[in-house]
Amino acid sequence: MRLPWGEPAKGPRVRQLSIAGREIPVTIARHRLARRYVVRVSADGGVRLTVPRGASLAGGFAFAARQADWIAREMDRHRQRHAPWADGSRTWFRGELVPIAVAGSRAMIGSEIVPLRSAKDDVRAAVEGRLRSLAADELPRRCLALARAAGVHVGRVSVRNQRSRWGACSPTGLITLNWRLIQMPPSVSDYVMFHELAHVKHPNHSRRFWREVERICTTWRDAERWLRKQGRELLP
């Protein structure tokens with residue numbers, strides 16, 4: 001069996017979608033667990049359409065076409081997110097969108113001075129490396145302090161380069177945090193930690209879980225609003 005587009009029936013299909021005057025390849029793949037059509041733009045700017053098992057591929061592509069404006073904005077966001085940094089580039093740091101100053105063999109972000117090996121050094125890599133170092137030092141200590149205040153036992157806290165989540169809690173109470181929490185306002189970063197601490201007691205998103213969140217972090221709704229509005233700018 002062949003598809004109407006001339007593609008083989010098995011494996012991902014690729015079809016061109018006109019977006020902002022350009023033909024963009026869209027990879028289309030079925031997933032047996034998918035319940036609805038989903039369009040995603042990856043960090044490299046690729047577009048992927050997931051189609052539920054048994055659903056119409058043509059209907060899925062029509063759905064992607066209706067998302068053309070959103071796809072264009074996401075592709076533009078990714079281009080800006082991954083553009084090289086130079087003097088005057090701006091990024092989030094401790095909840096503020098701050099400029100990066102580059103002069104000679106160093107870059108500055110807030111009060112942090114980041115050495116550069118040469119004028120051709122990758123400013124983004126150097127600055128993000130410094131932020132990751134700060135996160136690795138500060139976030140575990142802060143999370144453990146919040147755990148003690150909330151009366152929650154935590155086995156260990158680590159910091160990672162998570163690409164699609166702010167934190168995670170294992171069944172054994174091990175918490176991992178995204179280093180990008182260092183870029184958020186402290187109140188929002190704290191909420192992410194409280195969220196994971198609540199998962200130590202309730203490994204789900206049940207009513208009991210949200211009652212625990214409310215108990216240990218009364219400002220969680222404000223933090224959620226910040227994450228919905230600004231969080232996409234932080235993820236790769």
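Axes here are lines fitted to C-alpha atoms, for helices over the stretch in contact, and angles run from 0 to 180 degrees between N-to-C directions. The axes of α5 and α6 come within 9 Å and cross at roughly 105°. That makes α5 roughly perpendicular to α6 (65 to 115 degrees; under 35 is roughly parallel, over 145 roughly antiparallel, the rest oblique).

This is a predicted model: local features need pLDDT of at least 70, side-chain atom pairs count only at pLDDT 80 or more, and totals for chains, interfaces and linings use all residues. Residues are numbered from 1 along each chain as its sequence is written, and side-chain values use heavy atoms, with hydrogens and water left out.

**Overall layout**

- The protein has six helices and 11 strands. Both are DSSP runs numbered from the N terminus: helices are H or I with at least four residues, strands E with at least two.
- Along the principal axes, the C-alpha atoms fill a box of roughly 60 × 55 × 25 Å.
- Of the 236 residues, 44% count as buried. Buried means under 20% relative accessible area, exposed over 50%, and partly exposed in between (1.4 Å probe, protein chains only).
- Contact means heavy atoms within 4.5 Å. Among contacts with a separation of 6 or more, 42% join residues 24 or more positions apart.

- Helix α6 spans residues 220–234 and has a kink of about 45°, centred on R228. The bend at a residue is the angle between axes fitted to the seven residues ending there and the seven starting there.
- Buried residues of α6 include W220, A223, W226 and L234.
- The buried residues of α6 pack against α2 (68–81), β5 (90–93), α4 (186–201) and α5 (207–216).
- In the α5 contact, W210, V213 and E214 of α5 meet W220, R221 and E224 of α6. These residues divide into three nonpolar, no polar and three charged.
- Helices α4 and α6 pack at about 105°, with axes 9 Å apart. They are therefore roughly perpendicular to each other.
- S187, V188, Y191 and V192 of α4 meet W220, A223, E224, W226 and L227 of α6. The α4 contact with α6 divides into seven nonpolar residues, one polar and one charged.

**F209 in α5**

- F209 lies in helix α5. At 0% relative accessibility, F209 counts as buried.
- Leaving aside neighbours within four places in sequence, F209 is in contact with H195, A198, H199, H202 and N204.
- F209 and A198 are 11 residues apart along the chain, and their C-alpha atoms are separated by 6.3 Å.

**Cysteines**

- The structure holds zero disulfides. A disulfide is a pair of cysteine sulfur atoms within 2.5 Å.
- The closest cysteine sulfur to that of C143 is in C169, 9.1 Å away, too far for a bond. C143 is buried, at 0% relative accessible area.
- For C217, the closest cysteine sulfur is in C143, 12 Å away, again too far for a bond. C217 counts as buried at 4% relative accessibility.

**Backbone at R94**

- R94 lies in the loop between β5 and β6 (96–103).
- Phi of R94 is near 55°, a positive value in a residue other than glycine. Most residues other than glycine have a negative phi.
- R94 counts as partly exposed, at 35% relative accessibility.

Methods. Ala, Val, Leu, Ile, Met, Phe, Trp, Tyr, Cys and Pro count as nonpolar, Asp, Glu, Lys and Arg as charged, and the others, Gly among them, as polar.
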